[in-house]
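The entries follow the order in which I went through the model.

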Amino acid sequence: MKRALVLTAVVFGTVFGYSSVFAEDEAKSEAVKQDKELTVDQIVERTNRVSYYQGRDGKARVKMVITDEQDRKRERQLVILRWDAPNPKLSEEEQGKDDSYTGEQKYYVFFTRPADVYKTVFMVWKHLGKDDDRWMYLPALDLVKRISASDKRSSFVGSHFVYEDVSGRNVDLDEHELLRTTDNYYVLRNTPKDKKLVEFAYYDMWIHKDSFVVVKTDYFDEQDKKYRSYQALKVEQIEGFPTVVKSKMSDLRTGGNTVMEYGEVKYNVGIPESIFTERYLRRPPREYIR
């Protein structure tokens, strides 16, 4: 399966009463049992689509609050634009109506605040079957920096998210196992095929069974100790799509965390592919980022 699986997740926290449902659900989790209706690959595919491919493109404003181990806070604000490649098997007219294809994507992340990161741009071309291309534009140096594929597990602009969290992890890099199903969730374990490339031994995901949104992801080291955890804290229905509006990544070793809040989320904006180029790193497309 040559698709990228989202690590940033969404949860029906406010819709379904996330905290109480989740705690109750864990308490009554059943023994390991293969779901009879869906295969693991089907669960992963649906989760991938819901998490990354809703609408044919998208836009959101994001406020990021980074809290370190001494409870000191830093804030960053940014705009994220997403463009999805259309299905090449469809006519142009059919492509305009189709949002089910999960092919290549492009991301443009423009930082608006604070002043020291203003106009910084992070751009990703997400590929199928090979490493993504990533660039960072640093306005203070007027420098476009190519981000190495080996840096994809590095911190994203000083936050507790890594580059791969932002642009997604290719599902082909992991083995996927359905640990159990509960009344509300599929629980999947994802183990890297090449452990030398990552810092984790495996990670477990809780996926809402009706919506296929990820409600939590826990990362474990070689000693089976959980050291990193993602939680989606709030979801809203926007234009018919379940959408994360608040999420949190925690470093359990240091005690630090980063909370991201999403606003002004829009789908099917009509963002042109042409802006996802090196030219627009230095000349941001004002009509789409304001």
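Helices and strands here are DSSP runs, at least four residues of H or I for a helix and at least two of E for a strand, numbered from the N terminus. On that basis I count 7 helices and 15 strands in the protein. I note at the outset that this is a predicted model.

**Entry 1: overall**

The protein has 290 residues, and 53% of them are buried. I then took the contacts with a separation of 6 or more, and 57% of these are between residues 24 or more positions apart.

I went to β5, which covers residues 121-126.

I checked the pairing of β5 next. Strand β4, residues 105-113, runs antiparallel to β5, and 6 bridges join the two. Strand β6, residues 133-138, also pairs with β5 in the antiparallel sense, over 5 bridges.

Opposite W125 of β5 stands K106, and the bridge partner of W125 in β6 is D133. I also looked at the connection: β5 and β6 make a hairpin with 6 residues between them. In that turn, G129 has a positive phi of about 85°.

**Entry 2: F110**

I stayed with strand β4, where F110 is found. Is F110 buried or exposed? F110 has 4% relative accessibility, so it counts as buried.

I listed what F110 touches, leaving aside neighbours within four places in sequence. The contacts of F110 include Q77, L78 and V79, as well as Y118, K119, T120 and V121. P284 and I289 are on the list too. For P284 I noted the separation from F110: 174 residues in sequence, and 7.8 Å from C-alpha to C-alpha.

I moved on to β15, residues 257-267, which pairs with β2, residues 57-67, in the antiparallel sense over 9 bridges. Within this pairing I picked out V62, which stands opposite Y262 in β15.

Strand β14, residues 241-251, is joined to β15 by 5 bridges, again antiparallel. Here S250 stands opposite N257 of β15. I recorded a hairpin for β14 and β15, with 5 residues between the strands. G255 in its turn has a positive phi of about 90°.

**Entry 3: R153**

I looked for R153 and found it in the loop between β7 (143-147) and α5 (163-167). Its relative accessible area is 13%, which means that R153 is buried.

Which side chains does the side chain of R153 meet in polar contacts? I have two entries: the side chain of E164 at 2.8 Å, and the side chain of E199 at 2.8 Å.

**Entry 4: the largest pocket**

By class I logged the lining as 5 nonpolar, 7 polar and 5 charged residues.

Key. Residues are numbered from 1 along each chain as its sequence is written. This is a predicted model: local features need pLDDT of at least 70, side-chain atom pairs count only at pLDDT 80 or more; totals for chains, interfaces and linings use all residues. Side-chain values use heavy atoms; hydrogens and water are left out. Ala, Val, Leu, Ile, Met, Phe, Trp, Tyr, Cys and Pro count as nonpolar, Asp, Glu, Lys and Arg as charged, and the others, Gly among them, as polar. Buried means under 20% relative accessible area, exposed over 50%, partly exposed in between (1.4 Å probe, protein chains only). Two strands pair if DSSP finds at least two bridges between them. A polar contact is a pair of N or O atoms within 3.5 Å; within protein, one must be able to donate a hydrogen and the other to accept it, and residues adjacent in sequence count only if both atoms are side-chain atoms. Contact means heavy atoms within 4.5 Å.
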